[in-house]
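Subject: Structure for your review

Dear colleague,

Please find below the structure that I would like to hand over to you.

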Amino acid sequence: MVQRLSEKDLAAVDMDTMGVAMWQSKTTGEPSEWIPDAGDEWHNGHDWIVSADKLDHYMAEYNPQVIAGLAANQSEVFDRFDRLILLTCSEKTFLRRIEQRVGNRYGKDNSERSRILRTYKAMEREMIGHGAIVVDTDG
């Protein structure tokens with residue numbers, strides 16, 4: 001999506017790749033390196049979070065029109081945006097897109113896919129509760 005928007009001359013970026021989001025230990029609060037295929041134990045002890053300070057700095061410096069991505073603490077930064085848009089799809093479509101994407105290995109492992117589906121549903125409810133515009137992308 002970000003690539004297609006960028007091709008249409010919109011300043012679109014992915015929060016996962018722009019240096020404002022990171023894995024964080026739930027125990028220590030320290031940043032952690034993602035371990036591919038780490039399994040449930042590692043994932044249960046870590047969250048993908050967005051740094052509000054880094055996001056503010058990025059937005060001030062680059063003034064993007066669209067920022068894509070989800071994070072465990074996303075509600076802490078909702079007030080930075082004029083609009084929240086939630087792209088939804090069926091679980092089947094979601095998993096197919098994860099399997100087919102290139103350039104991002106996260107989600108290829110079964111425990112990662114389970115975590116993605118579990119956390120996405122919670123993040124989806126949170127965004128809707130904050131007034132997100134919902135767009136079904138299955139069709």
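To begin with a single side chain, His43 counts as buried because its relative accessibility is 1% (buried means under 20% relative accessible area, exposed over 50%, and partly exposed in between, with a 1.4 Å probe and protein chains only). Please note that this is a predicted model, in which local features need pLDDT of at least 70 and side-chain atom pairs count only at pLDDT 80 or more, while totals for chains, interfaces and linings use all residues. Residues are numbered from 1 along each chain as its sequence is written, and side-chain values use heavy atoms, with hydrogens and water left out.

His43 belongs to helix α2 (residues 40-44); helices (H or I, at least four residues) and strands (E, at least two) are DSSP runs numbered from the N terminus. Leaving aside residues up to four places away in sequence, His43 touches Trp23, Trp34, Tyr106, Ser111, Glu112 and Arg115 (contact means heavy atoms within 4.5 Å).

Aromatic rings

Rings of Phe, Tyr and Trp (its six-membered ring) pair if their centres lie within 6.5 Å; planes under 30 degrees apart count as stacked, over 60 as edge-to-face and the rest as tilted. Across the whole structure, six aromatic pairs were found. One of them joins Trp23 and Trp48 edge-to-face, at 5.5 Å centre to centre and with 65 degrees between the planes. This pair links distant parts of the chain, since Trp23 sits in strand β2 (residues 21-25) and Trp48 in strand β4 (residues 46-50), 25 residues apart. Trp23 is buried, because its relative accessible area is 8%.

Tyr58 and Tyr62 form a tilted pair, with 4.6 Å centre to centre and 40 degrees between the planes. Both lie in helix α3 (residues 52-62), four residues apart, which is about one turn of the helix. An α-helix has 3.6 residues a turn, so residues three or four places apart point the same way. Tyr58 counts as buried at 15% relative accessibility, whereas Tyr62 is partly exposed at 48%.

Strands

Strand β2 is mostly covered, with four of its five residues buried. β2 pairs with β4 in the antiparallel sense over five bridges, and Ala21 stands opposite Val50 of β4. Two strands are taken to pair if DSSP finds at least two bridges between them. β2 also pairs with strand β3 (residues 31-32), again antiparallel, over two bridges; the bridge partner of Trp23 in β3 is Ser32. β2 and β3 form a hairpin with five residues between them, and Gly29 in the turn has a positive phi of about 75 degrees.

In helix α4 (residues 91-100), the buried residues are Thr93, Phe94 and Ile98. They lie on the same side of α4 because they cover an arc of only 135 degrees around the axis, taken from the directions from the helix axis to the C-beta atoms. Lys92 and Gln100, on the other side of α4, are exposed. The cover over the buried residues of α4 includes α5 (110-129). Phe94 touches Cys89, Ile116, Leu117 and Tyr120, not counting residues up to four places away in sequence.

His130 lies in the loop between α5 and β7 (133-136) and counts as partly exposed at 48% relative accessibility. A polar atom of its side chain lies 3.0 Å from the backbone oxygen of Glu126. His130 touches Ser75, Phe78 and Leu84, not counting residues up to four places away in sequence.

Yours sincerely

Notes. Polar contact = N/O pair within 3.5 Å; in protein donor to acceptor, adjacent residues only side chain to side chain.
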